[in-house]
Amino acid sequence: FIRQAFGVYDVDSSGGISIEENHKIDQQQAQEAGQPFDEKQSTDSFKTTDENSDGEVTLSEFIQAMLTQQHEAVAMYNAECQKLLGPHSIFDGVQDCACVEGYELDSQQQTCVPKGGGGQGAGGLGG
């Protein structure tokens, strides 16, 4: 998946993404989504991804940026789960909040409690 995404941005198949290619694809994606193109945001994102500041994003830099974004998203989802179900909950990695190992939802399905402490089975909320 990441290689495919990189390939979309590497318009000329040179093995690297230039700022022009980045702007072109970001502009196309904004247009397809019916959103205005934000050139400053596109440039800032490119500069952040171009770790060695050589004006080209390599596959390695692209992968690192994608992994960093994924890690940040999971951390955000975990924080949201903890707001919903308390400190012993975690994002399940797909679409749901779940109790961490050794915990289960209480009988009202509102918070994660130690197993055997009045819960009705482990698992997530929603679906």
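E20 lies in helix α2, where helices are DSSP runs of H or I with at least four residues, strands are DSSP runs of E with at least two, and both are numbered from the N terminus. The model is predicted, so local features need pLDDT of at least 70 and side-chain atom pairs count only at pLDDT 80 or more, while totals for chains, interfaces and linings use all residues. Residues are numbered from 1 along each chain as its sequence is written, and side-chain values use heavy atoms, leaving out hydrogens and water.

E20 is exposed, with a relative accessible area of 56%; exposed means over 50%, buried under 20% and partly exposed in between, for a 1.4 Å probe and protein chains only. From C-alpha to C-alpha, E20 and T43 are 9.5 Å apart in space, although 23 residues separate them in sequence.

Turning to helix α1 (residues 2-9), its buried residues are A5, F6 and Y9. These residues lie on the same side of α1 because they cover an arc of only 100 degrees around the axis, the arc being that of the directions from the helix axis to the C-beta atoms. The exposed residues R3 and Q4 sit on the face turned away from this buried side. The cover over the buried residues of α1 includes β1 (16-18), α2 (19-32), β2 (56-58) and α4 (59-85).

D50, finally, is found in the loop between α3 (39-49) and β2. Beyond its neighbours within four places in sequence, D50 is in contact (heavy atoms within 4.5 Å) with G55, E56, V57 and E61. The side chain of D50 reaches the backbone nitrogen of G55 at 2.7 Å.

Technical notes
A polar contact is a pair of N or O atoms within 3.5 Å; within protein, one must be able to donate a hydrogen and the other to accept it, and residues adjacent in sequence count only if both atoms are side-chain atoms.
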